[in-house]
Amino acid sequence: GSSVQLAVPTPPEAGLVEEAITAIHHHIRDRVTANLDSTATNAFVRHLRKLSCGDGRVFLNAAGRSAEIGMYFLDCLSAFRAIEFHRIREQTNLQALRSKDLVLCISASGKTSSVVERATVLGSLAKCPTIVNLTATAEAPRWHNSNQIWVRIPGKSKFDALPDATELLPLGSTFEYATLLYLEGVLHALQPQYDSLALNEVFGEVRLHMQTTLVGAVTRALPGLGDQRDSTERLIKHLVDLELFMTPRRWVAFDAGQMLRMCAQWVERGRPPVVFFFGVGRNNHIVRLLAGRMRNIGFNVAIPGSDQISPPMKQGDVAFAVTMDGNEPRLLEMLDLTRSFNNSLFVLTARSQSPAAQRATLAILPVDERHVSTLSPADLQRTFELASLFYVEGLAVSLIRTLGRSELEHTPPEFE
């Protein structure tokens, strides 16, 4: 009979986390900031300024990881501009949108079925809202609508890997993180102190802030990560061992006795182990980005929340949390529940002595702790969030490489 070739995991490579962050940095610096459309960016900022002065709303039309990037942006936007925002879902009544509204569409390929379908419907409305489209390629399909803005953010999509994109990062990553930094620049230009800027000056502020934010986040993260390679390696090894346990086709790595013990544990538990992700506020978008990537790699994942469907935690599960200060009461309750099952708990935090870090099996600091005391609370929060976003992508890259996954294996067709 034919034999099945199984990829044997390589030793964990914690250094890949730093390499992935550096690759994102170089892609945005070299291929994105120099190729942005100033006219489209100025128009985007102008419409958002108008919304903050009137009764218009922002609606997000996106799916998957792009939706998490979009929601992270809108959460930040509402914090200082008090603009009402919503994510378009299956049950959203598109006919209720008004001409004063703005719809933000995010799709690297421009082919995401749900995004295209909704944008097409919106474009046909008699009172069509302004539609801002963020895509990775100029060849993205364009639906008919005269009231729209197109912004190209160079990168890779799941449907069309561009030849000039870095090979280290998974499909979609270059676009997603470039979009994140672009929207950071837009947020910066929307701060009240820049309201007096002429529109022809806005684009310069957006691009400059993208560059300075990127350099700041990377330079504050990389030195600390170098100091914590052992911790990152322990985390990767633990997750790799868990993935081997969960995937029957990889049981060739175990002897008969180990497989019997696994089967007995599965029967007793009623299911394979699950990786739970905890994050409150904007940190929830960070853990969701990692959870989505790990789900595609082959892990069973859960993100508990009031609007989520999640299994109950059982002994043998694992938890991963993101928290800057590590003292949010609701998050600490989740961590205490995890520890009550004697389960492993990994925490991304800015403070090594925080309550969350003290509860963790392993605490990892994505921002060099030497910088923490030098930053204002607001700057620390933004730096921590961006460094955490880069770190979880680097972690996903390390898992993909360590497990020998191909791009096609970890980007399966999705219902989106």
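**Strands, helices and cores in a predicted model**

Biologist: Is strand β4 mostly buried or mostly exposed?

Modeller: This is a predicted model. A residue counts as buried under 20% relative accessible area. Six of the six residues of β4 pass that test, so the rest of the structure largely encloses this strand. In a word, β4 is mostly buried.

Biologist: Which residues of β4 point the opposite way from T130, V132 and L134?

Modeller: In a regular strand, side chains alternate between the two faces of the sheet. In β4, T130, V132 and L134 take one side. Both sets are buried, and the other side belongs to I131, N133 and T135.

Biologist: Which residue of β4 is the bridge partner of C105?

Modeller: Strands β3 and β4 run parallel and are joined by five bridges. In β4, the partner of C105 is N133.

Biologist: In what order do the five strands of the open sheet come?

Modeller: Pairing in this sheet is parallel. Reading across the open sheet, the order is β2-β1-β3-β4-β5.

Biologist: Which strands sit at the edges, and what is the average twist?

Modeller: An edge strand pairs on one side only. That describes β2 (85-87) and β5 (148-152). From one strand to the next, the twist averages 20°.

Biologist: How many residues make up the second, separate core?

Modeller: Its members include V274, F276, F278 and A319. This core is separate, and its count is 15 residues.

Biologist: Which residues does F44 touch, leaving out those up to four places away in sequence?

Modeller: F44 is one of the residues that touch the most other members of the largest core. Contact here requires heavy atoms within 4.5 Å. Its contacts are F73, L102, L104, V132, I149, Y182, L183 and V186.

Biologist: Are α9 and α13 roughly parallel or roughly antiparallel?

Modeller: The axes of α9 (residues 283-297) and α13 come within 10 Å and cross at roughly 10°. Angles under 35 degrees count as roughly parallel. The crossing angle therefore makes the pair roughly parallel.

Biologist: Which residues of α9 make that contact?

Modeller: On the α13 side, the residues include F384, L389 and V392. On the α9 side, they are N283, I286, L289, L290, R293, M294 and I297.

Biologist: Which residue of β7 stands opposite V275?

Modeller: V275 belongs to β6 (residues 275-279), where five of five residues are buried. V275, F277 and G279 lie on one covered face, F276 and F278 on the other. Two bridges join β6 to the parallel strand β7 (residues 301-302). Opposite V275 stands V301.

Biologist: Is S66 buried or exposed?

Modeller: S66 is in helix α3 (residues 64-81). Beyond its neighbours within four places in sequence, S66 contacts I106, F175 and E176. Its relative accessible area is 10%, which means S66 is buried.

Biologist: What is the relative accessible area of N342?

Modeller: N342 lies in the loop between α10 and β9 (344-348). Most residues other than glycine have a negative phi, yet phi of N342 is near 65°, a positive value. N342 is exposed, with a relative accessible area of 62%.

Biologist: What share of the 416 residues in the protein chain is buried?

Modeller: The chain holds 13 helices and ten strands. It exposes about 17900 Å². Of its 416 residues, the buried share is 56%.

Technical notes
Residues are numbered from 1 along each chain as its sequence is written. This is a predicted model: local features need pLDDT of at least 70, side-chain atom pairs count only at pLDDT 80 or more; totals for chains, interfaces and linings use all residues. Side-chain values use heavy atoms; hydrogens and water are left out. Two strands pair if DSSP finds at least two bridges between them. Helices (H or I, at least four residues) and strands (E, at least two) are DSSP runs, numbered from the N terminus. Axes are lines fitted to C-alpha atoms, for helices over the stretch in contact, and angles run from 0 to 180 degrees between N-to-C directions. Buried means under 20% relative accessible area, exposed over 50%, partly exposed in between (1.4 Å probe, protein chains only). Accessible areas come from the Shrake-Rupley method with a 1.4 Å probe; for residues, only the protein chains shown count as cover. A nonpolar core is a set of buried Ala, Val, Leu, Ile, Met, Phe, Trp, Tyr and Cys residues joined through side-chain atoms within 4.5 Å. Angles under 35 degrees count as roughly parallel, over 145 as roughly antiparallel, 65 to 115 as roughly perpendicular and the rest as oblique.
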